[in-house]
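Notebook open, structure on screen. I want to go through the strands first, then the helices, then the cores.

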Amino acid sequence: MEKTSNQIKIFSPATVANVSCGFDVLGFCLDTVGDEMIIRKTTQKGITISKIVGYDLPFEAENNVAGVSALALYKDANPDFGFEIEVYKNIKPGSGIGSSSASAAGSVFAMNELLGKPYNKTQLTNFAMKGEALASNCEHADNLAPALFGGFTLVKSLKPLKILELPTPKDLFAVVIHPQIEIKTSEARAILPQKVDMKDAIEQWSNVGSLVHALHTEDYNLLSESLVDVIVEPYRSQLIPHFDAVKETSLKHGALGCGISGSGPSIFSLCKGEEQAMKVRDAIQKVYSQTSIDFEIHLSKINTEGIKILE
């Protein structure tokens with residue numbers, strides 16, 4: 001396909017949110033799994049979704065996460081032309097690796113490029129949050145931020161939106177297993193307690209602080225000690241078949257840490273080095289091969305770039 005200034009093709013990556021201890025604030029970006037999208041300018045004003053390949057999703061812009069975020073940016077930019085969106089959906093909705101955020105972030109990133117980049121990444125995240133809210137009934141940015149900024153990100157605040165880019169240790173690899181069952185973000189939120197013990201809160205925020213320090217200092221041992229979730233995982237892990245077996249196997253085979261990706265059912269492991277990651281992948285694969293549940297497994301370096309322009 002010939003590249004023109006009227007059309008852009010992008011890769012919008014999957015992401016892992018929460019990263020064990022950082023519920024709703026931490027996330028990182030994957031490199032080997034994501035959606036592709038084509039966005040082009042049209043003479044007809046407005047936002048049109050003309051093609052969706054992969055999953056059965058709404059074509060009406062106001063009912064589609066990519067469309068809702070696109071409409072938010074479009075209303076603000078108010079150009080004298082429109083946009084047409086094609087979505088090639090490779091991330092299964094409800095997978096826990098940022099399916100909705102890939103769509104929401106992808107459309108606004110591409111439109112911004114075609115408009116000559118009037119918006120910065122934080123502004124794009126703000127528009128994309130409107131689309132994300134359609135999927136999860138609340139505005140949050142822990143998947144959107146790593147998709148748009150790349151690498152590890154921390155959402156410092158939502159109002160005003162402030163995102164911190166964290167460094168990525170160079171030997172860090174992720175293994176993500178995605179059992180083929182669906183857990184809706186809204187349902188996974190509903191089972192969480194509204195209040196937590198002070199003792200647990202103290203442990204959790206000390207883990208978040210030490211995890212951020214570990215990323216800055218490339219301290220893999222500290223990183224491993226910090227990937228502990230005492231608040232959310234005890235509840236959400238009950239929704240994921242064989243979670244305990246996967247976690248135990250992952251850690252036994254040398255993973256730095258293992259936890260729920262977003263609201264699940266995907267489970268992530270962080271590993272030092274590709275060789276270690278391959279051992280963990282093979283061991284986890286063995287665990288799930290003995291169950292009756294279909295699954296996908298991904299091994300990925302941390303994507304420090306975020307959304308990529310393909311052509």
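I started at C258, which stands opposite S269 in β9. This is a predicted model, so I kept the rules at hand: local features need pLDDT of at least 70, side-chain atom pairs count only at pLDDT 80 or more, and totals for chains, interfaces and linings use all residues. Residues are numbered from 1 along each chain as its sequence is written, and side-chain values use heavy atoms, with hydrogens and water left out.

I followed β8 along its partner. β8 and strand β9 (residues 267–272) pair in the antiparallel sense over four bridges; pairing here takes at least two bridges found by DSSP between the two strands. Strands are DSSP runs of E with at least two residues, helices are H or I runs of at least four, and both are numbered from the N terminus. I noted G257, whose bridge partner in β9 is L270, and I260, which stands opposite I267.

What is the order of the four strands in the open sheet? I read β8-β9-β7-β10, with antiparallel pairing. β8 (257–260) and β10 (295–301) are at the edges with a single partner strand each, so one side of each has no neighbour in the sheet. Neighbouring strands are turned by 20° against each other on average, direction ignored; angles run from 0 to 180 degrees between N-to-C directions, and axes are lines fitted to C-alpha atoms, for helices over the stretch in contact.

I then looked at the other side of β9. β7 and β9 pair over six bridges, again in the antiparallel sense, and V175 stands opposite S269. Five of the six residues of β9 are buried, so β9 is largely enclosed by the rest of the structure. I use buried for under 20% relative accessible area, exposed for over 50% and partly exposed for what is in between (1.4 Å probe, protein chains only).

**Entry: α1 and its two helix partners**

Which residues of α1 meet α2? I listed V65, A66, S69, A70, L73 and Y74 in α1, against S100, S103, A104, S107, V108 and M111 in α2; contact means heavy atoms within 4.5 Å. By class, this contact has eight nonpolar, four polar and no charged residues. Helix α1 (residues 65–77) and helix α2 (residues 99–114) pack at about 35°, with axes 7 Å apart.

α1 also packs against helix α3 (residues 121–136), where the axes come within 7 Å and cross at roughly 145°. On the α1 side I noted V65, V68, S69, A72, L73 and D76; they meet L124, F127, A128, K130, G131, L134 and A135 in α3. This contact divides into nine nonpolar, two polar and two charged residues.

**Entry: the cores**

I looked up the largest nonpolar core and got 38 residues, with I39, I47, F83, I85 and M111 having the most contacts inside it. Its largest share, seven residues, comes from α2. Another core lies apart from it, with 30 residues, A14, L30, A102 and A214 among them. A nonpolar core is a set of buried Ala, Val, Leu, Ile, Met, Phe, Trp, Tyr and Cys residues joined through side-chain atoms within 4.5 Å.

Not counting residues up to four places away in sequence, F83 touches I39, R40, K41, T42, G46, I47, T48, Y74, M111, L114 and L115.

Is N112 buried or exposed? I found N112 buried, with a relative accessible area of 4%. N112 lies in helix α2 and, leaving aside neighbours within four places in sequence, is in contact with K117, P118, Y119 and L124.

I checked N207 too, in helix α6 (residues 198–217). N207 is buried, with a relative accessible area of 9%. Residues up to four places away in sequence aside, N207 touches C21, E225, S226 and V228.

Terms used: Ala, Val, Leu, Ile, Met, Phe, Trp, Tyr, Cys and Pro count as nonpolar, Asp, Glu, Lys and Arg as charged, and the others, Gly among them, as polar.
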